[in-house]
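The stops below may be taken in order.

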Amino acid sequence: MTADLLASVQQFYGRQMRLSEDGAVDEWAATFTEDAVFEDSTEPEPLRGRDAIRESVRRGVARIAAADLDFRHWFGMVDVEPDADGGVFTRYAALAVVTPRGGTAALLGNADCHDHLVPSPGGWLVRHRAVRFDGT
Amino acid sequence: MTADLLASVQQFYGRQMRLSEDGAVDEWAATFTEDAVFEDSTEPEPLRGRDAIRESVRRGVARIAAADLDFRHWFGMVDVEPDADGGVFTRYAALAVVTPRGGTAALLGNADCHDHLVPSPGGWLVRHRAVRFDGT
Amino acid sequence: MTADLLASVQQFYGRQMRLSEDGAVDEWAATFTEDAVFEDSTEPEPLRGRDAIRESVRRGVARIAAADLDFRHWFGMVDVEPDADGGVFTRYAALAVVTPRGGTAALLGNADCHDHLVPSPGGWLVRHRAVRFDGT
C-alpha cells in the first residue's frame, strides 16, 4: 500500500514540476484543484484558487525565460500519510537549482513542504501546498 | 518485493531525518537499536549504543540551533538488499544543505552511506550506519 | 504496476551510477546494450555502442582519479512510461556533486535526462540515454 502510494506521489511530483520547467503553465495549473491554496513563506498572503496559482506561475515562467535560466525543482525525502477520503498528506524537501546560459549551476534554496493531495480521474491534484523556505 | 522494501526504506529515511531536523532528539534516537553502531569518517571512533548516538545528535541539534541554521538531510540513490533475517542492507547518497537565517542555501557536504536496518513492530530500526564523507 | 516499475528503475539507477563512482568501468558499461547510444549535449556526436561508451567512461574515471575528486551522481524526479515491448522510457533530473580531497562539496551541474531502458535477464539495460546539461 505504502509502495503504491509513495510511487504514485513521486511520479506525480516528477511530472508536475517538469510542466512548470517546460513552461506548460496551463497544464501545471491543472494539477491543482479549482479551490487550491498555495502558501509560500516569502509571501504575505497565500494564493487562493487555481486561477491565482496559474497567473503566479505564468509570471514566474516569464521571469525565468527573461533571465535565460534553466530552473529545476528537486522534490525528495517524500513522506506520505493517507487521509480518510482517498487523499494523502505529504511532507517533502524541495531544492531549487538554477543554471544561467553558459554558466554554473547554483542552489537557489531549499524548502520544507507540505501538500494535501486528492485523487481525480486523471491522477493526483494538489488541494493545498505550503512551502516554507529555509532561512526565512 | 523490491518495490515494497524500497518504498518502506525511502519513507523511513524521510521520517527519520526530519526528526533530527525538527529537534526531536529522543524520537530520532529511538530509530536506532539499543546496540546500534554509528560510524562517521570524520570521527576517530564509532558511536556505540543508542545512548551515545542520542547524546551526539543532541549536541548537533544544539549547535545548529545556536548557529540559527536550517539544516537539511537529503538521502537518495537508495539501493536495498535484503539480509537473511528480514532486515536490509542499504547504500545511499546523503547530501547536507544548510541555510542561515536570512542567508543563502549551501551544500555542506555529500556522503556515501551504508546502513543495516532491522525490522521492529514500529518499523525499521538502524542497527549499523556508516557515513563516509566525500573528500575525507 | 507503476510502483514496481518505478522502484526497479530507481534501484537500477542507484546501482548503475555507483559502479562508475566506484571505478567499475566494465561493470558500468555492461549496463548498456551492445548497440546503445549515449547523447551528451556538450559533445558534438553521440557515443555509439557499448565499446565507445566504455572507453569514454574509462577516460572519465581516470580524469576524476587524477584530480583526486569524489564525484557523485544524483538521479531524481524519475518519471517512468512503459513502452510496448516490456521496456520503459524514463525522464529524470541528474545532479553532479564533486568534492576534492580535503575540500568542500560543490555542484558541478544539473541535467535533464531521457533514457530508454530494456529488460534483460540481469535487469534493466540502457539502450538510449540523452543527457542535456542545464545552461547549454
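The tour goes from the arrangement of the chains to their interfaces and then to two single residues.

The model is predicted, with local features requiring pLDDT of at least 70 and side-chain atom pairs pLDDT 80 or more, while totals for chains, interfaces and linings use all residues. Residues are numbered from 1 along each chain as its sequence is written, chains are lettered from A and ligands numbered from 1 in the order in which they are written, and side-chain values use heavy atoms, with hydrogens and water left out.

**First stop: the axis**

Select chain B and chain A together.

**Second stop: chain B against chain A**

Show the residues in contact (heavy atoms within 4.5 Å): chain B contributes 24 and chain A contributes 25. The buried area, meaning the accessible area (1.4 Å probe) that two parts lose on being put together, summed over both, is about 2,000 Å² here, and carbon and sulfur atoms give 54% of that area. Highlight Gln11(B), Arg18(B) and Trp74(B), which supply 35% of what chain B buries against chain A, more than any other three residues.

A salt bridge requires a side-chain nitrogen of Lys or Arg within 4 Å of a carboxyl oxygen of Asp or Glu, and 5 are found across this interface. One of them joins the side chains of Asp70(B) and Arg132(A), at 3.4 Å from N to O. Colour the elements of chain B that give two or more residues to the side touching chain A: α1 (2-21), β3 (69-82), β4 (88-100) and β5 (106-120). These elements are DSSP runs, helices (H or I) of at least four residues and strands (E) of at least two, numbered from the N terminus. The largest share of that side, 10 residues, comes from α1(B).

Now move to chain A and chain C, where the contact takes 24 residues from chain A and 25 residues from chain C. Select Glu81(C) and Arg15(A), whose side chains form a salt bridge of 3.0 Å, N to O. In total, 5 salt bridges are counted between chain A and chain C.

Select Thr99(A), in strand β4 (residues 88-100) of chain A. Is Thr99(A) buried or exposed? Thr99(A) is buried, at 2% relative accessibility; buried means under 20% relative accessible area, exposed over 50%, and partly exposed in between (1.4 Å probe, protein chains only). Leaving out residues up to four places away in sequence, the residues that Thr99(A) touches include Asp70(A) as well as Asp134(C) and Gly135(C).

**Last stop: His116(A)**

Finish at His116(A), in strand β5 (residues 106-120) of chain A. His116(A) is buried, with a relative accessible area of 14%. Beyond residues up to four places away in sequence, His116(A) touches several others, among them Asp83(A), Phe89(A) and His128(A). With Asp83(A), the side chain of His116(A) makes a side-chain polar contact at 2.8 Å. A polar contact is a pair of N or O atoms within 3.5 Å; within protein, one must be able to donate a hydrogen and the other to accept it, and residues adjacent in sequence count only if both atoms are side-chain atoms.
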